Amino acid sequence: MSVTSRQLTLASRPHGAPTDENFALKTLELPPLKNGEVLLRTIYLSLDPYMRGRMSDAKSYADPVNVGDVMVGATVCQVQESKNDSFSEGEWVLAYTGWQDYAISNGEGLMQLGKEPANPSYALGIMGMPGFTAYMGLLDIGAPKAGETVVVAAATGPVGATVGQIAKIKGCRVVGVAGGSEKCKHAVEVLGFDACIDHKADDFAEQLEKACDQGIDVYYENVGGKVFDAVLPLLNTSARVPICGLVSQYNATSLPEGPDRMGMLMGQLLTKRIKMQGFIIFDDYGHRYDEFANDMQKWLQDGKIQYREHLVEGIENTISAFNDMISGKNFGKTVVKINSPL
C-alpha cells in the first residue's frame with residue numbers, strides 16, 4: 001500500500017519573523033519499505049525556539065536547514081509498518097523526523113516509548129529536551145542552594161516552568177518573569193513560584209527589584225533583552241547565569257539601538273565574580289540523561305512538578321504556531337498534533 005506524506009520544507013530564509021512564503025507544503029509518495037526499515041507516522045511535532053536559528057544560514061552550533069529540505073524537529077511517532085525486528089507495528093517512538101506526516105527510518109536514533117505510554121507527547125517536553133535543559137542548566141551551572149533567590153525568564157514556558165519548580169524543590173525562593181497577568185497567576189498559583197513579574201508592565205524593573213530585595217543568586221536566561229537589563233544590576237556577588245536562550249533576539253535583523261553596554265556588563269562580571277555560561281544540552285550533557293529521567297519521573301509521580309501543553313492541531317497551522325511561540329502567545333509547551341494515533 002502506497003503512503004503519501006505532506007512535508008513542510010524551507011523555501012527561503014526568513015528576514016525577521018518567518019512567513020508562509022518562507023515554507024512550501026509538498027506532498028510526495030513514499031517508496032516501499034526495505035528490509036530493516038520502519039514507516040513512522042508522526043503524531044506529535046515539537047516546536048522549539050532553537051528552530052529559528054536553523055532557518056538562518058548564520059554560523060551556529062548546528063548546521064542550518066538547507067533551502068528545499070524538510071524543517072527539522074523532534075517528533076513522537078507510531079510505527080505504522082515495520083520490516084525491522086527491533087520495532088513492532090503500533091509502538092511509539094521518539095524521533096527527529098521534522099515537519100512532515102510520515103518518515104522512513106532504519107531505526108537508528110529512535111527512542112522506544114512502548115506500546116501504550118501514558119502521555120506520549122511528554123517525551124517532547126517535560127521528559128524530553130526542554131525538561132532536560134531546565135534540569136541540567138539549573139542544577140549544574142546554576143548550582144542553587146537552599147535559601148537563595150532564583151529568577152527565571154519565560155517562566156511558564158516548558159523550560160522556565162520546570163526550572164522554577166526544580167528550584168522550589170531545592171529550597172530556593174523563586175521569582176518568575178512572564179508576559180501577562182494570566183501567566184503570572186499560573187506561575188504563582190499552579191507552579192508554586194513565590195512571585196512572578198509581568199515584563200509588559202511599565203514599571204517592570206521596579207517590580208522586579210522589589211520582589212528580589214535580597215538580590216538575585218541565580219538567573220536562568222531564556223529571553224535576553226529588557227529582562228536581562230533589569231536583572232543585571234540585581235545580581236549578587238558570585239551569582240550564576242545559565243544561558244539557555246535569547247528568544248527576544250531571534251527575529252532581530254540588527255543590533256538594538258542605544259549605548260554600547262558591553263563595558264558595563266564586563267565590569268559587573270568582574271567585580272561581582274559572576275559566572276555566565278551557555279550550553280547545548282545534548283552536546284554537553286547527553287551522557288547524563290538517565291540522571292535527569294530518574295529524578296523527573298519521581299517528581300512527576302509525587303506531584304512535585306506540574307506540566308502544561310499548548311496543543312495545536314494540523315500541520316497547516318505549524319508556521320503560525322511557531323510564530324506565536326516565539327512572540328510568547330503560547331501558554332506551555334507548544335506541540336502540534338499532526339495525525340491521530342493508529
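Visitor: Which elements make the right-handed β-α-β unit here?
Guide: E14, H10 and E15 make the right-handed β-α-β unit. Keep in mind that this is a predicted model.

Visitor: How many bridges join E14 to E15, and in which sense do they run?
Guide: There are 5 bridges between strand E14 (residues 309–313) and strand E15 (residues 333–337). The two run parallel.

Visitor: What is the bridge partner of Glu 309 in E15?
Guide: Lys 333 is the partner of Glu 309.

Visitor: Now the helix. Where is Thr 318?
Guide: Thr 318 sits in helix H10, which covers residues 318–326.

Visitor: Buried or exposed?
Guide: Thr 318 has 0% relative accessibility, so it counts as buried. The cut-off for buried is under 20%.

Visitor: What lies 2.8 Å from a polar atom of its side chain?
Guide: The backbone oxygen of Ile 315 lies at that distance from the Thr 318 side chain.

Visitor: And which residues is Thr 318 in contact with, leaving aside neighbours within four places in sequence?
Guide: Leu 8, Leu 45, Leu 47, Trp 99, Val 336 and Ile 338.

Visitor: Which residues touch the most other members in the largest nonpolar core?
Guide: Leu 47, Trp 99, Leu 208, Tyr 219 and Leu 235 do, in a core of 45 residues. H10 gives the most to this core, with 5 residues.

Visitor: What does Leu 47 touch?
Guide: Not counting residues up to four places away in sequence, Leu 47 touches Trp 99, Thr 318, Ala 321, Phe 322, Met 325, Lys 333, Thr 334 and Val 336. Another core, of 36 residues, lies apart from the largest one. Among its members are Ala 134, Met 136, Ile 281 and Ile 305.

Visitor: Let's go to Ser 46. Where is it found?
Guide: Ser 46 belongs to strand E3 (residues 38–46). Its relative accessibility is 1%, so Ser 46 counts as buried.

Visitor: What polar contact does its side chain make?
Guide: The Ser 46 side chain pairs with the side chain of Asp 48 at 2.5 Å. Beyond four places in sequence, Ser 46 is in contact with Met 51, Ala 74, Leu 124, Lys 333 and Thr 334.

Visitor: New topic: the open sheet. What is the strand order?
Guide: The 6 strands run E10-E9-E8-E11-E12-E13, with parallel pairing. Strand E10 (195–198) and strand E13 (275–278) are the edges, each pairing on one side only. On average, neighbouring strands are turned by 15 degrees against each other, direction ignored.

Visitor: Over how many bridges do E12 and E13 pair?
Guide: Strand E12 (residues 235–243) pairs with E13 over 4 bridges, in the parallel sense.

Visitor: Which strands does H2 lie across?
Guide: H2 lies across strand E8 (149–153), strand E11 (216–220), E12 and E13. It runs at about 145 degrees to E11.

Visitor: Why is H2 called largely enclosed?
Guide: 11 of the 14 residues of H2 (residues 129–142) are buried, so the rest of the structure largely encloses the helix. The buried residues include Phe 132, Tyr 135, Met 136 and Leu 138.

Visitor: Last one. Where does Gly 258 lie?
Guide: Gly 258 is in the loop between E12 and helix H7 (262–271). It is exposed, with a relative accessible area of 58%. Gly 258 and Met 325 are 67 residues apart in sequence and 27 Å apart in space, C-alpha to C-alpha.

Terms used
Residues numbered from 1 in each chain as written. Predicted model: local features only at pLDDT ≥ 70, side-chain atom pairs only at ≥ 80, totals over all residues. Heavy atoms only, no water. Buried < 20%, exposed > 50% of the residue type's maximum accessible area, 1.4 Å probe, protein only. Polar contact = N/O pair within 3.5 Å; in protein donor to acceptor, adjacent residues only side chain to side chain. Contact = heavy atoms within 4.5 Å. Core = buried A, V, L, I, M, F, W, Y, C linked by side-chain atoms within 4.5 Å. Pairing = 2+ DSSP bridges. Axes fitted to C-alpha atoms, helices over the stretch in contact; angles between N-to-C directions. Right-handed = clockwise from strand over helix to strand, strands pointing away.
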